[in-house]
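This briefing sets out selected features of a protein structure for computational work.

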Amino acid sequence: MDILEKLQILGAAAKYDVSCASSGSKREVNYGIGSTFTAGICHSWTDDGRCISLLKILFTNECIFDCAYCINRKSNDIKRATFTPHEVAELTMNFYKRNYIEGLFLSSAIKNSPDWTMEMLYKTVYLLRHKYQFNGYIHVKAIPYASLDLIRKTGFLADRMSVNIELPSEKSLKLLCPNKTKESILKPMEFITRVGEEERNFVSAGQSTQMIIGATEDSDRKIITLSQHLYKKFKLKRVYYSAYTPVNDDPRILKVEKPPLLREHRLYQADWLIRVYNFTAEELFEKDENLDLEVDPKVMWALRHLDKFPVEVNKASYEELIRVPGIGIKSARRIIKNRVFHSLDFDDLKKIGVVLKRAKFFITCNGKTYERHLIDLQPEKIKLQLTEKAAAQQRMQQLSFFDKEIFTSVITGEI
Amino acid sequence: MYNVFLYDGTFDGLLTCIDEILSTHINEDEVVIVEKDKYQPMFFDKPIYVTLDKNRSQELRQKVINVSDKMIFKKIYYCFLSESQNKETYIYKYIKLVLKHGKKVKYLYHDDVVNFVEKASKNVSREIGKYMGLMRFNEIKGGVLYAQFEPTNDILVPISYFFRERLKSFKWIIHDKKRSKLSIYDTRMIKFLNGMNLNASFSDNENLYQKLWKLYFKTMAIEERKNLKLQRQNMPKKYWKYLIEKN
Ligand code: SF4
């Protein structure tokens, strides 16, 4: 099989996020901002509008495992291919020097054995770093059940590693991945965290993981609580969520008509709130098991806590400001810097980048509200105003609006 | 009546010129700075040409950085690289503001001059950012990498410094076709050349990798989510001419 055909098969296999091998990775490349600034430059945009920054491929799509949600599972009859380490290295170098990509995202199904697979990934990365002197970005998967020694060796050559959690509960894992155990995922994850803390130059851009959304009954509360745990305990840089796209007809999987993209979007927003805005999972899920699909989780939280509002923009602390819907980290910082020089009015806020559409319900400027009638609003009324417009827009522009909204927030995650 | 000052078109030349004006106490509203070659004499004008003096431009540069910071100086430089009309005169006025207010100039966002410089420099840095990803190098005979582009702003210099870091161990040439300017990097240093054009033929490998890249690009798109509008928003048509995947 020639290299063109292999690239076609193993690139396509990495495009959807439905296997441990490939999942979540499509977004990985979109997130290079802030503390995880790693592979942040977009080198192209595909016909669906997503950014390409890494050569994202599977090493092989031949798998000895049989996970229910995965296109590459053993029991599927699909075309199979396997690269050699040399081929991947050549491809990466030649793409890199032409400035097509920032680096490599190398993932794999499990062929022959976990150790055989991990060894191949290691060899590829080794070739790139030592034979080709490649300094660009490398993200490589750690394969469940692979020997820790191999993972360790690979981690010294990679910028980022990830083991995918896939499903947010042990029960779901048992149901859909008969060959994997919680242990087989958490052990390497814990190991990478530990070595990363002890050694320099080990996975220097940190560790991430990914979860499939919508294939099982797990609630948003369960998912976000798990993420919170992963950030705290394993110091993960990012957790990625991927709406499940049905690829197999399997009775164990919940019937999914369309991938739950909006839910995925809300989870990213909630994730952002716990990671960057100091919210806790407990605060976000005081009442419900799932996030509100109609409004973003910060609005949802604010509507439940109207007693904490309105916030006076010219006096509030940074912590108070970033909890206001429509005020992000950037605008909060600008508010604080600028109000030293003169007190801010609503016009100034606009210039600073505050989204007044949302913020106007929750703030005052020098004691004044945005419009006089805004004082005494009921949560339901605010919600109605915030959702009506969005809904109308959505009806009008349908998918294109929807995608744009999702992808821009995927880039910043900011609310 | 305006006092027209001419400079040689280089950034250092402009700084020298501004330094000269600052020492004269002319009313700021009566100052106009124009590039020598673009100047069209008016009947009553008595233009003054200020020749480049590296020491003076260095001095002014240092002075600006001392009272503010490097970021503000970078803004001035980027504004200079832009194609905005009357940028020189605005830069002069902006430097005056910086010398008066220091770093706080950032908070004068109501001011026309500040606004102008902010906008122009943002436009330039956005274009640089795009080209960091969208520049395409082709391997030409001899293994040298060669990229062509036609940027709106004159960004060959900053973009070349970016690729010096990125492609440290490769020889490359970047060619601004619109302005007939080249930068050449030989794995040690960059040379900038004006008034140059180049015709190069591909190496033996080049066609294969272009084919692979096109294939990969097509493969990654999810058919059911096709959204060409979004693609164009992120990657406006003006960049397509030299993009292999779009040709
Ligand atoms: S281990 Fe499971 S999820 Fe991973 S490639 Fe194999 S079948 Fe797919």
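In this predicted model, B:His175 belongs to strand β6 of chain B, which runs over residues 172-176. The residue is buried, because its relative accessible area is 0% and thus under the 20% limit.

- B:Ser23 and B:Tyr77 are 54 residues apart along the chain, and 21 Å separates their C-alpha atoms.

**Chain B as a whole**

- Chain B contains 8 helices and 8 strands.
- Its C-alpha trace spans about 65 × 40 × 40 Å along the principal axes.
- Buried residues make up 49% of the 247 residues of chain B.
- Of the contacts in chain B with a separation of 6 or more, 67% involve residues 24 or more positions apart.

**Chain A as a whole**

- Chain A contains 16 helices and 10 strands.
- Of its 415 residues, 61% count as buried.
- Contacts in chain A between residues at least 6 apart in sequence join residues at least 24 apart in 68% of cases.

**Packing of helices α8 and α9 in chain A**

- Two packed helices are described by the angle between their axes and by the distance between those axes.
- Helix α8 of chain A (residues 220-233) packs against helix α9 of chain A (residues 261-276) at an angle of about 40°, and their axes are 10 Å apart.
- The crossing of α8(A) past α9(A) is right-handed.
- On the α8(A) side, the contact is made by A:Asp220, A:Ile223, A:Ile224, A:Ser227, A:Gln228 and A:Tyr231.
- On the α9(A) side, the contributors are A:Arg263, A:Leu267, A:Ala270, A:Asp271, A:Ile274 and A:Arg275.
- By residue class, this contact of α8(A) with α9(A) comprises 6 nonpolar, 2 polar and 4 charged residues.
- An α-helix has 3.6 residues a turn, so residues three or four places apart point the same way.

**Helix α11 of chain A**

- Helix α11 of chain A, residues 297-304, is mostly covered, with 7 of its 8 residues buried.
- The buried residues of α11(A) are A:Pro297, A:Lys298, A:Val299, A:Met300, A:Trp301, A:Ala302 and A:Leu303.
- A side-chain oxygen of A:Asp296 comes to within 2.9 Å of the backbone nitrogen of A:Lys298 at the start of α11(A).

**Annotated regions**

- An unreviewed UniProt entry carries the annotation "domain: DUF4130" for residues 86-245 of chain B.
- Across residues 86-245, chain B is 44% helix and 14% strand, and the end C-alpha atoms lie 37 Å apart.
- For chain A, UniProt (unreviewed entry) lists "domain: Helix-hairpin-helix DNA-binding motif class" at residues 319-338.
- Across residues 319-338, chain A is 70% helix and 0% strand, and the end C-alpha atoms are 17 Å apart.

Technical notes:
Residues numbered from 1 in each chain as written. Chains lettered and ligands numbered in written order. Predicted model: local features only at pLDDT ≥ 70, side-chain atom pairs only at ≥ 80, totals over all residues. Heavy atoms only, no water. UniProt positions renumbered as here; feature names shortened; annotations may be inferred. Helix = DSSP H or I, 4+ residues; strand = E, 2+ residues; numbered from the N terminus. Buried < 20%, exposed > 50% of the residue type's maximum accessible area, 1.4 Å probe, protein only. Polar contact = N/O pair within 3.5 Å; in protein donor to acceptor, adjacent residues only side chain to side chain. Axes fitted to C-alpha atoms, helices over the stretch in contact; angles between N-to-C directions. Left-handed = near helix turned anticlockwise from the far one by under 90°. Contact = heavy atoms within 4.5 Å. Nonpolar A, V, L, I, M, F, W, Y, C, P; charged D, E, K, R; others polar.
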